[in-house]
Amino acid sequence: MDDESLWDRHAGWWQREFTDGADPEYEEQILPLVERYLTGARRVLDVGCGEGQVARRAAALGADVVGLDPTASQVLVAHERGGGPLYGRAAAEALPCRSGAFDAVVMCLVIEHLDPFEPALHEVARVLAPGGRFLLLLNHPLLQAPGSGWVDDHILEEQYWRVGPYLPDHTTVEEVAVGVNLPFMHRPLSRYVHVMGAVGLLIDDMAEPAPPPGFLAEAWEYREAATIPRLMLIRARRAA
């Protein structure tokens, strides 16, 4: 099964578990970060928009927003939920937009599912106007590397966060829910930074927020690791 068919198959699960107020990590952290970093943008593109919750938040700020996603069932629900953005089907590596059309592009928890990812960053740089901002949200490349996790060592009487193999590129298929298996591509942060620099996306800010209270209240297994970020946000500007 190809990635597009896989996401079509599990779109209902995603919409039910992570959208429309269901997920505290989105509600308490991701969407507020999007709002903070997109404030003032006038023309926004949401790449990999899913059912549109990030695009709707950007539209609520007063921006003209376009949301693009390759998954038909996600785009259908995005249309149904409305909220202001225009939606269409497109892959991240072939955006049907003119060059320099947007002053902000957001890609939220998408790049880990793209292989290769380089064409998508080339397209982001192409559709951004000079000086436009790119907002990339991804699972923390270091602290959420495959095999990372909290260790409560009763032999050594130590507690610590184990970091899994960080430098090698690695693809895992994770069972994120019963019957829901999705591929994730791990890469070291330098892989993204080098490509962004090469296409003229120059990093000017970054955030590594602590897990929000609502997530910790539900994820009992993570409470001891409350000082370990799950998310990384990178903001870059398109060079002139």
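Begin by selecting Arg126 and Glu123, which both lie in helix 5, three residues apart, about one turn of the helix; helices (H or I, at least four residues) and strands (E, at least two) are DSSP runs numbered from the N terminus. An α-helix has 3.6 residues a turn, so residues three or four places apart point the same way. Arg126 and Glu123 form a salt bridge with closest N and O atoms 2.8 Å apart, a salt bridge being a side-chain nitrogen of Lys or Arg within 4 Å of a carboxyl oxygen of Asp or Glu. Glu123 is buried at 13% relative accessibility, whereas Arg126 is partly exposed at 28%; buried means under 20% relative accessible area, exposed over 50%, and partly exposed in between, with a 1.4 Å probe and protein chains only.

The model is predicted, so local features need pLDDT of at least 70 and side-chain atom pairs count only at pLDDT 80 or more, while totals for chains, interfaces and linings use all residues. Residues are numbered from 1 along each chain as its sequence is written, and side-chain values use heavy atoms, with hydrogens and water left out.

Now select the whole of helix 5 (residues 118-127), where Ala120, Leu121, Glu123, Val124, Ala125 and Val127 are buried. These buried residues pack against several elements, including strand 1 (43-47), strand 4 (102-108), helix 6 (189-198) and strand 11 (231-238), where contact means heavy atoms within 4.5 Å.

Next, pick Glu118 and Arg191, which form a salt bridge with closest N and O atoms 3.2 Å apart. This pair links distant parts of the chain, with Glu118 in helix 5 and Arg191 in helix 6, 73 residues apart. Glu118 is partly exposed, with a relative accessible area of 24%, and Arg191 is also partly exposed, at 27%.

Move on to Arg230 and Glu25, whose side chains meet in a salt bridge (2.7 Å, N to O). Arg230 lies in the loop between helix 7 and strand 11 and Glu25 in helix 2 (residues 24-38), so the pair ties together parts that are 205 residues apart in sequence. Arg230 is partly exposed at 23%, whereas Glu25 counts as buried at 10%.

Finally, select Pro85, in the loop between helix 4 (72-81) and strand 3 (86-89). Pro85 is buried, with a relative accessible area of 10%, and touches Ala55, Arg56, Ala59 and Val65, not counting residues up to four places away in sequence. One of these, Arg56, is linked with Glu51 and Arg81 in a network of salt bridges.
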